[in-house]
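User: I would like to go through this model by question and answer, with the cut-offs stated as each term comes up.

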Amino acid sequence: MAQVMFLNQLKELMALSTVRQTLWLMGLFGAITLFAWGGTYWMVQREMERTVDDRLSLRMQEAIAVLGQGGSLPDPTDGQSVNFVNDEWPEGFRTFDSEGPRSIEFRYFTSTTPYGRIRLGENTERQEELRDILAAGMQITLVGTLLATALAGLWMARRGQARLGQINAGLAKIAQGQLDTRIALEGRRDDLALLSDRIDATAERLEQAMMQMRVQASNIAHDLRTPMARLRAQIETDLVGLAEHKQAVTVDDLGAALEQIDQITGTFEALLRLARIESGAGREAFTTIDLADLVADVEETFGPVVDEAGQSLTVEVVDAAQISGDHDLLVQLLANLIQNALRHGAEGQTILLGIHGQRLSVSDQGPGIPFAERERVLQPLYQTESTRQGEGFGLGLSLVRAIAELHRADLSLSDGPRGRGLNVSVRFSNLTQL
Amino acid sequence: MRLLVLEDDAKLGPWIEKGLREAGHVVDRFTDGKDALMAAMSHPYDVFVLDRMVPSLDGLSVLKALRQAKVTTPGIFLTALGDVDDRVEGLRAGGDDYLVKPFAFSELLARIEVLARRPATAEEDASELTVGDITIDLHKRRCTRQGQTVDLNPKEFRLLEVFLRSNGRVQTRTMLLERVWDMNFDPTTSVVETHISRLRGKIEKPFGDTLIRTIRGAGYVFEPT
């Protein structure tokens, strides 16, 4: 059982990329150490053998010289031997381990001279010690390297893993729908911090989008509930009147019901239109539009409407530019701005519709929109706190925003002339820039 | 006129069929795309009214197949208020008009009659149009009633022209917006109401009678004296 748990822990550990990296590094450093030591050992060994062999050759020459002068074989010093031999050993150098409890290594040089077969020997115990020292050194280096690598690896792994773990935990929360989660990785500004920043930014955008959708959904529900309630009340009244009081349903009763239904479908149609414009569809159908012609057309259509409401529409055209756009949508943009000015402006006011080059603007003399709310009124069906039930901004301004965006035009809301009212301006790009 | 209606909705289908019959048309209604296609290939019709979503073969495919078979009878699509790109797709498939549900019946009827009249009749090409005591000169853009000249601005003139051609049928706001102002959207302001009120001020008030009757929730009817 414990074994299984240990194996599982090991598996988990191996799943961590930092641990795997550490193991790789340990393997690499171990291999380098072994290779370096092996090379050193081999070179030292070869050098020592050569020295011994040189000495043996020199002693052989000396022995031959002494024998040539009629002398006898020189006496061997400590750790050396010199004998006349007569056995099967081949000529040349040979290493030999003595038998016995304590193995001693000897190096022999056998040569046949005019004075007989001579064998010189030398005890190489000292070199063996040197080799042992080398081996011990190698072991210390290897163990040290591996230990140091493992420790450094573990340290880095722990640190990196803690940061990765933080990112991981944050993402897991986001995946579960907690969009207000922010990882906010502290410490060094490294690639992990950058990654975490990106994730945070994504989460923020998602959160905003979700919130906007929620607000929109409730706005839509609100916008539909009013005409639905009216429709229901209307039909119920007619039905009760007909059933209980034999009161005939009039043409007007049915017409009023139809009007409510039209208002409901109108809201849907506007929402779909908004969605379509926001999807960017229709840009390929753009044509060249003269802003002066557009404004003249709009004035002809909406001027009487503004007059009828007891307000007036003044048009001012200076250096009207030609832009690339969709005539129908641009008329709608202006229609919505005029409608907005009519609905939220002051009684008896003058609505100013202006064209200055590529800039188109509509301003009213109403109460305007507080700076803080300007961004929000562009959202679909937004209701300001000051606008009472049912009289929200509807879809008008969000359609304006969507149409402006489709035309890659800059939309800005500001105070009207002399700080009064609301001024909405749309700056189109040059015909050539699109 | 002989009309082919492809509509499988259990309430909407009979409603359309009944309405068109009452308007004096011969109606063959189908609830299945394949049956409708078979009938359309073998009988002469004046207009096809096709729902987009029906069993076996949808309206779009039916009309595509008919156009491939060189059947040029005009077709009008009906579609649920859903995909806004449907309109383009429908017109590309060879449709001549498009109506989004829910729609006013008078609008469907008017659109069918407009389609059936194609290509333009001699009447439409005429330079003068007279209904009752009103005459408009389409070339000189001039309007007279009972011999007196009535000054109309271009939008009022176009509005009157649409009414003169309406044959006593109800004109919905949507239809008027499309035909007079070329607007395919609801401007939410009282554009139609205002211009009609102005037109009335010019062609009704001086003569002390009523030509344009408002039908609440439906639209307007032109009733010449």
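User: Which residues touch the most other members of the largest nonpolar core, and where do they sit by chain?

Analyst: This is a predicted model, in which local features need pLDDT of at least 70 and side-chain atom pairs count only at pLDDT 80 or more, while totals for chains, interfaces and linings use all residues. Residues are numbered from 1 along each chain as its sequence is written, and chains are lettered from A and ligands numbered from 1 in the order in which they are written. A nonpolar core is a set of buried Ala, Val, Leu, Ile, Met, Phe, Trp, Tyr and Cys residues joined through C-beta atoms within 7 Å, where buried means 20 or more other C-beta atoms within 10 Å, exposed 12 or fewer, and partly exposed in between, with C-beta atoms placed from the backbone. In the largest such core, of 65 residues, the members touching the most others are Ile338(A), Ile403(A) and Leu160(B).

User: Which helix gives the most residues to this core?

Analyst: Helices are DSSP runs of H or I with at least four residues, strands are runs of E with at least two, and both are numbered from the N terminus. With 10 residues, the leading contributor is helix α7 (residues 327-344) of chain A.

User: Which residues is Leu160(B) in contact with, leaving aside neighbours within four places in sequence?

Analyst: Contact here requires that the C-beta atoms of two residues, placed from the backbone, lie within 7 Å. On that criterion, the partners of Leu160(B) are Ile136(B), Cys143(B), Leu152(B), Leu199(B) and Ile203(B).

User: Is Val295(A) buried or exposed?

Analyst: Val295(A) lies in helix α6 (residues 291-308) of chain A, and it touches Val315(A), Val317(A), Leu353(A) and Ile355(A), not counting residues up to four places away in sequence. Because it has 20 C-beta neighbours inside 10 Å, Val295(A) counts as buried.

User: In what order do the strands of the antiparallel open sheet of chain B run, and which stand at the edges?

Analyst: Two strands pair if DSSP finds at least two bridges between them, and the 4 strands of this sheet follow the order β6-β7-β8-β9 (chain B). One pairing joins β6(B) to β7 (residues 134-137) of chain B through 4 bridges, with Glu128(B) opposite Asp137(B). Each edge strand has a single partner, so one side of each is left without a neighbour in the sheet, and these edge strands are β6 (128-131) and β9 (148-150) of chain B.

User: At about what angle to β7(B) does α7(B) run?

Analyst: Axes are lines fitted to C-alpha atoms, for helices over the stretch in contact, and angles run from 0 to 180 degrees between N-to-C directions. The helix α7(B) lies across β6, β7 and β8 (142-145) of chain B, and its angle to β7(B) is about 120 degrees.

User: Which strands are at the edges of the open sheet with parallel pairing?

Analyst: This sheet has 5 strands in the order β2-β1-β3-β4-β5 (chain B). Strand β4 (residues 75-80) of chain B and β5(B) pair over 5 bridges, where the bridge partner of Phe77(B) is Tyr98(B). Pairing on one side only, the edge strands are β2 (26-30) and β5 (97-101) of chain B.

User: What ipTM does the predictor give the complex?

Analyst: In the interface, 24 residues of chain B are in contact with 30 residues of chain A. The predictor gives the complex a pTM of 0.63 and an ipTM of 0.71.
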